[in-house]
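Q: I am new to this structure and would like to learn how to read it one feature at a time. Could you take me through it slowly?

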Amino acid sequence: MLLTITTTRRPADDLGYLLHKHPGRFQSYALAFGTARVFYPEAGEDRCSACLLLDVDPVGLVRGKAGGEGLLDRYVNDRPYAASSLMSVAIAQVFGSAMQGRSNDRPELAATPLPLSARLDVLPVRGGERFLRAVFEPLGYSVAAERRPLDEQFPEWGESPYFAVEIAAETTLSQLLTHLYVLIPVFDDAKHYFVGDAEMEKLLAKGAGWLAGHPEKDEITRRYLKHRHGLYREALARLAPGEPADVDEADEPSARVEDSLEKPLSLNDQRLGAVLAALRASGARRVLDLGCGEGRLLRLLLKDPQFEEVVGVDVSIRTLEAARDRLHLDRLPERQAARIRLMQGSLTYRDRRLEGYDAAAVVEVVEHLDPPRLAAFERALFASARPATVVLTTPNREYNVTWENVGPDRLRHPDHRFEWTRAEFRAWAEAAAARHGYAVRFVPVGPDDPTLGPPTQMGVFTRGR
Ligand code: SAH
């Protein structure tokens, strides 16, 4: 299994200092389960690539373990070829200092975001390309993935669960290695060793700063901890500490969706996490929260210094007053107070005050608009306010059948004027995007049912040039 890391930041061969591995030498490291080798297929001024090649000894992997069932499976498997938790161990052992962001020779470079890419030639991905993108894209990576056929000689056998994957971003080497270290076994959804408390601590430490706000944090955590319920619930609780669950009554029934053992994070929290992650990944500094309600998202935005200016807009004065109280706007320190504003306004009218922002969130608001007003909303948002990024969520009506106490009209809330199926939302979003020069991609929020889809659907619109 092979991992290739490339940078184009001049002088690119400084990568050798960051990895603590000399580009001119071919180096080998003995690991418990095989040998890791590091070499540089190219090491120029403009472009430099380092390869970590892992030769796994499948017999060594089994040696010392008790025999029993599935012994053949232990010898004949994909572990020697596919990137897995073994690769993570190799990253930690061979590139440990780089992963921690330490460099004696180039300390400032270690802390600087660089143009970096990582290629994994054989990555098993349970959940396919969609999951791959749902994990890497909110972290700011572009993703190129090619699914490998089961056998190149026999294309009719169909596709394998293996992908050739390349991700790229402007990021620190330490972040890139950390993401790979945590996520490779998550895609594989298997680990070669026992998972206990230590593994949870490792996840919380390595996930610091990016996992708590990740829209897929639930699934990442579950898989990382090998589906061990107790561990995974504790990890999730610690990822979002001290936030009393603000369950909005419309969403409360979601608690019944999964069995009580695995009481999920409230849908509301997952939704806000997904929106926050998409806003972060967009690089936005000045953001609008349109239909901000009582300010749940505003509170999270205020906590993140990336967002220099945060503006909440709502049509209801009473709601804005509640937001003001909840956010303690009259008691904020001056510097914080200068970052946030609340404005009364309607989203179905053109409003000059909303022009020129980097991003807008529109969370669970469209379904409150009368269908005949949708066209006006679309113009006010995409033609007039025209932020570079729009993150919009709305219920997926198909999911409602899983809940007992949705109203007689089968909608989740008496004030909802409609709820869209996935196809209806897509049709509206794609047409609106096309009319106004945006691209849109769709992200499921909450448990994604194979036939009904997720409870919440999210569209991330990005403005073209
Ligand atoms: N985004 C918030 C609130 C969602 S509830 C959250 O996720 O918690 C919908 C909100 O949209 C309400 O606060 C309602 O007052 C507001 N709203 C409804 N129609 C609106 C309109 N035409 N213009 C602005 N806000 C509107």
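Q: Is Asp 121 buried or exposed, and what is its relative accessibility?
A: Before answering, keep in mind that this is a predicted model. A residue is called buried when its relative accessible area is under 20%. Asp 121 has a relative accessibility of 19%, so it counts as buried.

Q: How many helices and strands does the chain have, and what percentage of its residues is buried?
A: Here one steps back from the single residue to the whole chain. The chain has 17 helices and 14 strands, and buried residues account for 52% of its 465 residues. Of the contacts between residues at least 6 apart in sequence, 71% join residues that are at least 24 apart. The chain exposes about 21,400 Å², and carbon and sulfur atoms supply 51% of that area.

Q: At what angle do the axes of helix 8 and helix 9 cross, and which residues of the two helices meet?
A: A pair of helices can be described by the angle between their axes, by the hand of the crossing and by the residues that meet. The axes of helix 8 (residues 173-188) and helix 9 (residues 197-206) come within 10 Å and cross at roughly 145°, and this crossing is left-handed. From helix 8, Thr 178, Tyr 181 and Val 182 meet Lys 202, Leu 203 and Lys 206 of helix 9. The residues of this contact comprise three nonpolar, one polar and two charged.

Q: Is Leu 381 buried or exposed, and which residues does Leu 381 touch?
A: Leu 381 lies in helix 16, residues 374-385, and counts as buried because its relative accessibility is 3%. Not counting residues up to four places away in sequence, Leu 381 touches Leu 290, Ala 360, Val 362, Arg 386, Pro 387 and Val 390. Leu 381 and Arg 350 are 31 residues apart in sequence, while their C-alpha atoms are 7.9 Å apart in space.

Q: Which residues other than glycine have a positive phi, and where do they lie?
A: Backbone angles can be read residue by residue, together with the loop in which each residue sits. Among them is His 20, with phi near 60°, which lies in the loop between helix 1 and strand 2 (27-31). His 20 counts as partly exposed because its relative accessibility is 33%. Another is Arg 386, with phi near 50°, in the loop between helix 16 and strand 12 (389-395). Arg 386 has a relative accessibility of 29% and therefore counts as partly exposed.

Q: Which residues does a cis peptide bond join, and what is omega there?
A: For a peptide bond, the angle to look up is omega. A cis peptide bond joins Arg 10 and Pro 11, with omega of about -10°. Pro 11 lies in the loop between strand 1 (2-7) and helix 1 (15-19).

Notes:
Residues are numbered from 1 along each chain as its sequence is written. This is a predicted model: local features need pLDDT of at least 70, side-chain atom pairs count only at pLDDT 80 or more; totals for chains, interfaces and linings use all residues. Side-chain values use heavy atoms; hydrogens and water are left out. Helices (H or I, at least four residues) and strands (E, at least two) are DSSP runs, numbered from the N terminus. Buried means under 20% relative accessible area, exposed over 50%, partly exposed in between (1.4 Å probe, protein chains only). Contact means heavy atoms within 4.5 Å. Accessible areas come from the Shrake-Rupley method with a 1.4 Å probe; for residues, only the protein chains shown count as cover. Axes are lines fitted to C-alpha atoms, for helices over the stretch in contact, and angles run from 0 to 180 degrees between N-to-C directions. A crossing is left-handed if the near helix is turned anticlockwise from the far one by less than a right angle, and right-handed if clockwise. Ala, Val, Leu, Ile, Met, Phe, Trp, Tyr, Cys and Pro count as nonpolar, Asp, Glu, Lys and Arg as charged, and the others, Gly among them, as polar.
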